[in-house]
Amino acid sequence: MVQPLNMVTVVQCTPIDEAHALRVEELARAAGGEVAWVLELVEAGIIAPAEPALLQTQWRFHGEALLCAVRVRRLQRDMEVGIDAAGLIVALQDEVRRLRRRLG
Amino acid sequence: MEFKDYYSALGVPKTATDDAVRKAYRKLARKYHPDVSQEADAETRMRDVNEAYDVLRDKDKRAAYDALAERVASGARAAPDGRGYAPPPGWDEGFDFQRQGGGPADEADFSEFFSSLFGAAQRRQAQQRQARARGDDQHAAIEIDLVTALRGGERLLSLRALELDAQGHPQFVQRQLQVRIPPGVRPGQLIRLAGQGLPGHGGEPAGDLFLEVRITPDARWRVEGRDITMGLPVTPSEAALGAQVRVPLPNGDEVEVGVPPNSRPGRRLRLKERGFGGREPGHLYLELQIVLPPADSAAARAAYEALAQASTGFDPRRAMRDTEA
């Protein structure tokens with residue numbers, strides 16, 4: 001049962017980039033995980049904050065890090081792979097997609 | 001709405017153990033993963049498989065689904081509009097569908113059938129518990145063309161959301177969002193629509209909606225990271241002698257580009273920082289494509305003949321004979 005609603009909400013959107021990056025807690029919540037899990041991802045080198053030299057409380061992440069975290073999360077959940085294997089699978093997927101784009 | 005047979009989606013019997021369900025899922029996930037599958041409908045199949053697994057791997061969801069399937073088998077109940085299946089009221093009593101802490105609200109991808117069973121049940125139970133919780137963030141994708149990405153623009157996005165009516169029955173409401181896309185968003189970038197995710201409970205705010213930007217594929221250009229590559233057709237004389245040519249860019253600008261003399265096909269010319277913007281802006285690359293003018297007039301034929309006379313020493317097939325590599 002889909003009830004059509006003839007109302008259109010106009011929304012502004014914010015690109016998650018240098019100017020509007022995500023804090024650790026925001027990234028964790030948006031990816032459906034805990035802060036500790038995000039720290040594991042960083043430690044494993046799967047995602048990185050924009051400026052890793054800063055204190056952890058000041059870390060900011062771009063959208064690419066969130067997309068990557070979401071994909072790792074699903075692999076961990078559905079295929080029950082470890083964090084490093086999930087990171088490797090995501091990297092290989094990206095490489096396949098890059099090469100496919102090259103082929104046109 | 002169609003009643004979905006999750007067991008056949010995973011190819012397992014109703015008596016399958018958790019382990020068998022898991023194994024079947026993994027096998028199908030490998031087979032239909034859109035990155036590896038050669039099947040035309042891989043993406044749809046993968047979505048069905050994901051949806052079936054989401055229900056069958058969860059003890060409570062599976063038990064509720066089984067009970068429902070039994071009721072359907074003993075006399076399916078038509079939806080009020082007569083178009084198919086609708087879950088009977090109270091079908092989920094006694095089951096607890098708290099979201100497993102497994103991931104973001106990716107049910108957005110799933111079927112109406114799934115949302116009508118589990119989305120509403122989760123929502124209703126959360127409300128009954130009077131829990132105070134911020135709404136979940138949601139993820140979706142938005143596809144725009146390169147011109148919109150570079151210049152910005154508006155795009156109408158239709159989302160289906162579950163709302164409870166006055167009687168507390170879930171119903172789908174079509175939500176339309178006119179999204180104002182700022183200029184310069186690039187593929188793979190996320191844009192956040194604050195407060196457009198799932199509603200919060202107990203007065204807490206709604207979650208956010210994250211949209212992944214995808215660029216509609218277009219044979220005219222290729223996007224890699226912040227760089228854009230497009231073909232630049234030139235004539236043989238422009239490539240050989242060099243020329244100033246006017247080039248329309250995807251963002252609507254038109255620039256004059258110098259083609260250096262003796263350019264070969266495939267030569268890349270870089271327009272610095274004309275790709276996607278940002279702290280480190282990308283570049284726009286023009287790949288030369290040599291297009292031959294047709295020899296369809298006496299003058300054109302004479303010109304090609306004169307060129308042949310002038311370049312008798314030029315053998316385009318020399319490399320083919322070069323066996324001493």
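1. B:Asp208 is buried, with a relative accessible area of 8%; here buried means under 20% relative accessible area, exposed over 50%, and partly exposed in between, with a 1.4 Å probe and protein chains only. Please keep in mind that this is a predicted model, in which local features need pLDDT of at least 70 and side-chain atom pairs count only at pLDDT 80 or more, while totals for chains, interfaces and linings use all residues. Residues are numbered from 1 along each chain as its sequence is written, chains are lettered from A and ligands numbered from 1 in the order in which they are written, and side-chain values use heavy atoms, with hydrogens and water left out.

2. What does B:Asp208 meet? The side chains of B:Asp208 and B:Arg134 form a salt bridge, 3.4 Å from N to O; the term stands for a side-chain nitrogen of Lys or Arg within 4 Å of a carboxyl oxygen of Asp or Glu. B:Asp208 sits in the loop between strand S4 (190-193) and strand S5 (209-215) of chain B, and B:Arg134 in the loop between helix H5 (112-128) and strand S1 (138-144) of chain B, so the pair ties together parts that are 74 residues apart in sequence. Helices (H or I, at least four residues) and strands (E, at least two) are DSSP runs, numbered from the N terminus. B:Arg134 is partly exposed at a relative accessible area of 24%.

3. Salt bridges that share partners join A:Arg23, A:Glu25, A:Glu26, A:Arg29, B:Arg134, B:Asp137, B:Arg192 and B:Asp208 into one network. Over all chains, the structure holds 29 salt bridges.

4. Two further salt bridges are worth a look. B:Arg180 and B:Glu154 have their closest N and O atoms 2.6 Å apart. This pair links distant parts of the chain, with B:Arg180 in strand S3 (residues 170-181) of chain B and B:Glu154 in strand S2 (residues 153-164) of chain B, 26 residues apart. Both ends are partly exposed: B:Arg180 has a relative accessible area of 36% and B:Glu154 one of 43%. In the other salt bridge, B:Glu212 and B:Arg214 have their closest N and O atoms at 3.7 Å, and B:Arg214 is partly exposed at 41% relative accessibility.

5. Now to the sheet that involves both chains. Four strands make an open sheet in the order S3(A)-S4(B)-S5(B)-S1(B), with mixed pairing; two strands pair if DSSP finds at least two bridges between them. Strand S3 (14-15) of chain A and S1 of chain B stand at the edges with a single partner strand each, so one side of each is left without a neighbour in the sheet. S1(B) and S5(B) run parallel and share seven bridges; B:Ala140 has B:Leu211 in S5(B) as its bridge partner.

6. A hairpin in chain B comes next. S8(B) and S9(B) form it with five residues between them, and B:Gly252 in the turn has a positive phi of about 100°. Six bridges join S8(B) to the antiparallel strand S9 (residues 254-259) of chain B, and B:Arg246 has B:Glu256 in S9(B) as its bridge partner. In a regular strand the side chains alternate between the two faces of the sheet.

7. How many aromatic pairs does the structure hold over all chains? There are four, where rings of Phe, Tyr and Trp (its six-membered ring) pair if their centres lie within 6.5 Å, and planes under 30 degrees apart count as stacked, over 60 as edge-to-face and the rest as tilted. The rings of B:Tyr6 and B:Tyr65 have centres 4.8 Å apart and planes at 35°, so the pair is tilted. B:Tyr6 lies in helix H1 (residues 6-10) of chain B and B:Tyr65 in helix H4 (residues 59-73) of chain B, so the pair ties together parts that are 59 residues apart in sequence. B:Tyr6 and B:Tyr65 are buried, and ring pairs link B:Tyr6, B:Tyr7 and B:Tyr65 into a cluster.

8. Last, charges over rings: B:Arg268 lies over the face of B:Tyr285, at 4.3 Å from the ring centre, and the charged end of A:Arg73 sits over the ring of A:Trp37, 4.7 Å from its centre. The criterion is NZ of Lys or CZ of Arg within 6 Å of the ring centre and within 35 degrees of the ring normal.
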